[in-house]
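I opened my notebook to look up how side chains meet one another in this model. I begin with the rings and go on to the charges.

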Amino acid sequence: MSTLLPEHYRSTIRTLIRYSIVLLALGLLSGVAFQESSKKLDYAEIAAGARLEAVLSLALVHGHMLVTGVLMPLALAAALDLAHRSGGAELSVRSLRWLTRGYLPSVSATLALMLYKGYHTLLSVRFGARDFDAIDAAYFGGLVPLRHAVYGITHVGMAIALGVFGVALWRSLNSTRPR
């Protein structure tokens, strides 16, 4: 049994690894950005609970970048390689495109939305807003349907891409490729 990966596997894995490297750098920078940005929120001006609410969305960006942008792509690349090495049938180019053209852009958009929400909330509080319902209502310029549509598209895109890849990978393990 040959363990040499087909070219479309190697290309997909290279893309996933490169994406992980970029998101590793961005994830680390987002942690620094959070620390520096949250320092500018004066403790004397805002109560502890409100301060936590003001910084929480931005604080979550760092971890989400590392998990969804670094660890998940590496895990998906490893799963692809392990399935091939264990004798699973070859996945099509099309099924692998769900990762590179579905999951990665959806994750990028989701992380950008998290960053936007985090800074929207933090800056609103820094500039004097204290009504978190009003801050939330002003998100996306107050266009709630747009907000729901954008969040829905990004999250559903991510879920569909992972689902299609997962099913394709599962099915490949039910049959074996010729030796």
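**Entry 1: aromatic rings**

I found that Y116, Y139, F140 and Y151 form one aromatic cluster. Before going on, I noted that this is a predicted model, in which local features need pLDDT of at least 70 and side-chain atom pairs count only at pLDDT 80 or more, while totals for chains, interfaces and linings use all residues. I also noted that residues are numbered from 1 along each chain as its sequence is written, and that side-chain values use heavy atoms, with hydrogens and water left out.

How many aromatic pairs does the structure hold? I counted four aromatic pairs, where rings of Phe, Tyr and Trp (its six-membered ring) pair if their centres lie within 6.5 Å, and where planes under 30 degrees apart count as stacked, over 60 as edge-to-face and the rest as tilted. For Y116 and Y139 I read ring centres 4.8 Å apart and planes at 25°, so this pair is stacked. Y116 lies in helix α3 (residues 93-126) and Y139 in the loop between α4 (132-138) and α5 (144-174), so the pair ties together parts 23 residues apart in sequence; helices here are DSSP runs of H or I with at least four residues, numbered from the N terminus.

Next I looked up burial, where buried means under 20% relative accessible area, exposed over 50%, and partly exposed in between (1.4 Å probe, protein chains only). Y139 is buried at 1% relative accessibility, whereas Y116 is partly exposed at 36%. The rings of Y116 and F140 have centres 5.5 Å apart and planes at 80°, so I wrote this pair down as edge-to-face. F140 is buried, with a relative accessible area of 16%, and it sits in the loop between α4 and α5. I also noted that F140 has a positive phi of about 60°, although it is not a glycine.

**Entry 2: salt bridges**

I counted six salt bridges in the structure, each being a side-chain nitrogen of Lys or Arg within 4 Å of a carboxyl oxygen of Asp or Glu.

Which residue forms a salt bridge with K39? I found E36, with the closest N and O atoms 3.1 Å apart; K39 and E36 both lie in helix α1, three residues apart, which is about one turn of the helix. K39 is exposed at 57% relative accessibility, whereas E36 is partly exposed at 39%.

The side chains of E45 and R130 also meet in a salt bridge, at 3.9 Å from N to O. This pair links distant parts of the chain, with E45 in the loop between α1 and α2 and R130 in the loop between α3 and α4, 85 residues apart. I read E45 as exposed, at 53% relative accessible area, and R130 as partly exposed, at 35%.

**Entry 3: D81**

Is D81 buried or exposed? I found that D81 counts as buried, at 17% relative accessibility, and that it is part of helix α2 (residues 48-85). D81 forms a salt bridge with R85, the closest N and O atoms being 2.8 Å apart, and R85 is partly exposed at 45% relative accessibility. Leaving aside neighbours within four places in sequence, I found D81 in contact (heavy atoms within 4.5 Å) with L5 and I13.

Methods
Helices (H or I, at least four residues) and strands (E, at least two) are DSSP runs, numbered from the N terminus.
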